2 protein chains.
Amino acid sequence: MNTDAMLLAALAANAVQEPARVSAVDRLVDQIRELVRERGLVIGDALPTERDLGEQFQAGRNTVREALQVLKAYGIVEVRPKIGAVLSDRHEEAVRKLFAFQNDISPASFIDVQGYRRIVESGIGDHIILHATAADLDQLDAINARILGNNGVDDAARCDFEFHEALVTLANNRTLLANYRLLQPVITQIMRVGKATRPVQIDTFEVHAQIINALKSRDRVAYAYLISRHLEHGLQFVETEQNGRAHIARSSGRMGSSRP
Amino acid sequence: MNTDAMLLAALAANAVQEPARVSAVDRLVDQIRELVRERGLVIGDALPTERDLGEQFQAGRNTVREALQVLKAYGIVEVRPKIGAVLSDRHEEAVRKLFAFQNDISPASFIDVQGYRRIVESGIGDHIILHATAADLDQLDAINARILGNNGVDDAARCDFEFHEALVTLANNRTLLANYRLLQPVITQIMRVGKATRPVQIDTFEVHAQIINALKSRDRVAYAYLISRHLEHGLQFVETEQNGRAHIARSSGRMGSSRP
DNA sequence: TCCTGTCTTTTGGTCCAACAAATAAACAGC
DNA sequence: GCTGTTTATTTGTTGGACCAAAAGACAGGA
């Protein structure tokens with residue numbers, strides 16, 4: 001037995017979860033998902049009508065509708081009057097929404113998120129320096145240049161996020177990127193508030209440019225220092241916050257920020 | 001206007017989303033969540049019955065049920081026969097489930113996840129070395145000892161995960177911990193398959209002990225090396241996998257693993 | 001008094017029928 | 001061929017019905 005076969009067997013074993021659930025709605029959710037899979041439906045394709053689904057799977061229309069509500073909550077389908085349920089690409093968005101709602105948006109969590117970003121964005125420096133091509137770094141420059149478009153706070157925050165997202169993308173790890181994107185609403189909000197306090201697009205552009213230059217000259221120490229300082233700067237505006245949780249988070253927020 | 005007030009104003013501005021949605025189901029979802037908030041209900045408390053909710057909010061029972069299905073999908077409530085909908089603490093689990101669902105479980109994603117873990121678990125070394133107390137490290141020892149209980153593959157995998165989770169916890173960053181926990185099903189599965197190939201609880205225990213000792217002696221270089229090697233070892237069993245995606249992911253998977 | 005088994009009532013689970021609203025598709029008029 | 005109108009289909013929502021499960025009331029016995 002080779003290792004891959006063993007792997008797949010273990011995966012199959014993991015697939016069975018709760019045999020206890022015999023709810024018709026849950027069953028329908030699975031059946032509809034299976035239907036999508038076996039018919040090879042893709043984003044934009046429409047599912048059968050609610051009545052058809054009910055007839056096909058021996059269920060009442062209300063039961064079908066409850067199942068569709070679940071799929072809709074998952075971002076799998078988007079249901080429009082007359083058209084019916086069409087396969088949606090809003091799954092990631094649903095995950096983000098759901099995730100955001102467990103992370104309360106507060107000054108404390110802002111500091112926490114910045115601490116997370118410092119860990120991640122510092123940690124990927126070595127990989128970027130070792131593997132990024134000149135074209136990759138040039139593209140970072142191009143993305144950074146867009147921040148000078150100066151189209152208001154929201155737009156600047158979006159550009160700022162895109163730069164950091166591109167940075168994380170260069171780590172070439174899908175899991176990391178997905179996790180980072182999960183925090184997009186919070187991160188963008190941090191940026192928005194920072195820029196609302198005083199418009200500093202030009203400063204942001206300059207710092208990003210310095211970061212890119214550090215990467216181009218393969219200077220990992222400079223990169224780590226610049227990223228740390230840049231992220232720390234981003235939460236200056238919540239400095240006044242001094243309650244317990246924020247303080248604890250802050251100690252982690254500052255981790256690894258020793259000046260070279 | 002101080003910065004905190006500005007922050008809160010920006011948050012409020014972010015709160016309004018789509019005023020276009022007038023669906024009765026969506027309205028009910030919001031109303032029920034508001035009901036929970038204003039009554040100060042906590043985990044375990046029961047909501048009014050479906051019939052009562054319908055009467056209170058001027059909606060049919062089927063509509064209420066559809067709203068409850070959405071809340072259930074979000075892990076906000078758990079509905080039990082006869083009791084009704086009770087507030088649940090399964091929100092994180094719902095997020096995990098939803099997240100896992102976008103990350104297909106495959107050898108390629110296993111390698112990717114190990115790469116993610118290497119970035120994270122290496123990256124937090126400095127903070128742990130600087131801030132962890134002797135008691136923290138002793139607790140790591142205690143957790144590590146549990147892996148010798150030798151209660152089968154599943155149990156060993158669970159203990160293994162708990163050790164690494166404890167490690168990440170010492171980084172003292174809620175966001176990082178939440179993201180790491182999101183990957184629990186995949187990580188545990190990696191461990192399970194690794195241990196199924198050959199039971200190596202004692203080896204895992206030894207390596208973990210070495211890692212703890214590196215932390216106790218504040219040796220960041222040894223820690224980084226040991227963690228990297230430990231995680232790389234964990235995916236030996238998928239070495240045969242050589243398709244494109246796995247190979248790309250692998251290059252990131254190996255990042256920062258240069259021997260000191 | 002306290003335990004135990006039975007019975008009633010409440011409640012979620014499922015389905016059906018009906019109507020309203022929206023809209024894609026067919027159609028008539030030019 | 002284009003445009004405005006009509007039609008038919010489909011989702012959105014509601015009320016009602018019935019079933020099964022379970023909590024709570026209740027009666028009976030140790």
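Predicted model: local features only at pLDDT ≥ 70, side-chain atom pairs only at ≥ 80, totals over all residues.
Ala, Val, Leu, Ile, Met, Phe, Trp, Tyr, Cys and Pro count as nonpolar, Asp, Glu, Lys and Arg as charged, and the others, Gly among them, as polar. With these classes, the residues of the surface near DNA strand D divide into 7 nonpolar, 7 polar and 6 charged.

**Surface near DNA strand D**
- Among the 20 residues around DNA strand D, those that come nearest are A:G84, B:A24, B:G60, B:N62 and B:T63.
- Two or more residues each are given to this surface by α3 (50–56) and α4 (61–73) of chain A, and by α2 (24–39) and α4 (61–73) of chain B.
- The element that gives the most to the surface near DNA strand D is α4(B), with 3 residues.

**Surface near DNA strand C**
- DNA strand C is surrounded by 19 residues, of which A:A24, A:G60, A:T63, B:T49 and B:G84 are the closest.
- Here the elements that give two or more residues are α2 (24–39) and α4 of chain A, together with α3 (50–56) and α4 of chain B.
- The residues of the surface near DNA strand C comprise 7 nonpolar, 7 polar and 5 charged.

**Packing of α6(B) with α11(B)**
- Helix α6 (residues 107–123) of chain B packs with helix α11 (residues 184–197) of chain B at an angle of about 105°, their axes lying 10 Å apart.
- Because angles of 65 to 115 degrees count as roughly perpendicular, α6(B) and α11(B) are roughly perpendicular to each other.
- On the α6(B) side the contact is made by B:S109, B:F110, B:V113 and B:Q114, and on the α11(B) side by B:V186, B:I187 and B:I190.
- The residues of this contact of α6(B) with α11(B) divide into 5 nonpolar and 2 polar, with no charged residue.

Conventions. Residues numbered from 1 in each chain as written. Chains lettered and ligands numbered in written order. Near = placed C-beta within 6 Å. Helix = DSSP H or I, 4+ residues; strand = E, 2+ residues; numbered from the N terminus. Axes fitted to C-alpha atoms, helices over the stretch in contact; angles between N-to-C directions. Parallel < 35°, antiparallel > 145°, perpendicular 65-115°, else oblique. Contact = placed C-beta atoms within 7 Å.
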